[in-house]
Amino acid sequence: MEEIRRAAAAYYENLPVANKRYARYIFSSMDKNGDGQINLKEYVEYLDKDNKTALAHPSLFRALDKNNNGSLDFEEVIVLYYITQSGRALFCKSCNTFLTDVYFSCSQCFFKGDSVSTFDICCDCYGGKKFEHHDGAIFCDNYTLLSRSRRLAVQASKKVNNLRK
Ligand SMILES: [Ca+2]
Ligand SMILES: [Ca+2]
Ligand SMILES: [Zn+2]
Ligand SMILES: [Zn+2]
């Protein structure tokens, strides 16, 4: 989670003023009782009405609550904002916890262009073999998949350039 937090802070620093204002606006609309903190009830209510039900999972709330005081301050909510804006809202297909920095993904499902979603699982479920998936699935961690897809993209663009010559 620490890496996502740092990414979120960097992301926020580079946001245009209007988007920063929007992040503040989201925070205050979540904070129903106006005490400057988002408790679990306010959190779930806000995300449920927004139909972002997977995000309303308490495991994400606990992961966001960096100092473990049972509520989220603005800095902690920025991470939620980043997760929703960047599409980084990934949950373990097996136990439904929020996937933090490192997780495993089925490479076949990942590279299949027409597949609806990727099959991602947390380290615990992968290590403990607590998941069901198709036969012969090859799992890679997310960093490995990222560098592989870059390699594929580079190869593809080389091919296109060769055709043009
Ligand atoms: Ca509050
Ligand atoms: Ca907190
Ligand atoms: Zn899991
Ligand atoms: Zn798969």
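Asp31 is buried in this predicted model, with a relative accessibility of 8%, where buried means under 20% relative accessible area, exposed over 50% and partly exposed in between (1.4 Å probe, protein chains only). Asp35, by contrast, is partly exposed at 47%. Donors here are N, O and S atoms within 2.8 Å of the metal (3.2 Å for Na, K and Ca), and water is not among the atoms, so sites may look incomplete.

Turning to zinc, the ion (ligand 4) has Cys106 (SG), Cys109 (SG), His133 (NE2) and His134 (NE2) as its protein donors, 2.0 to 2.3 Å away. These donor residues are spaced C-x2-C-x23-H-H. Cys106 belongs to strand β3 (residues 104-106), while His134 sits in the loop between α7 (123-127) and β5 (139-141), so the pair ties together parts 28 residues apart in sequence; helices (H or I, at least four residues) and strands (E, at least two) are DSSP runs, numbered from the N terminus. Cys106 is buried at 0% relative accessibility, and His134 is partly exposed at 36%.

Residues are numbered from 1 along each chain as its sequence is written, and chains are lettered from A and ligands numbered from 1 in the order in which they are written. Local features need pLDDT of at least 70, side-chain atom pairs count only at pLDDT 80 or more, totals for chains, interfaces and linings use all residues, and side-chain values use heavy atoms, leaving out hydrogens and water.
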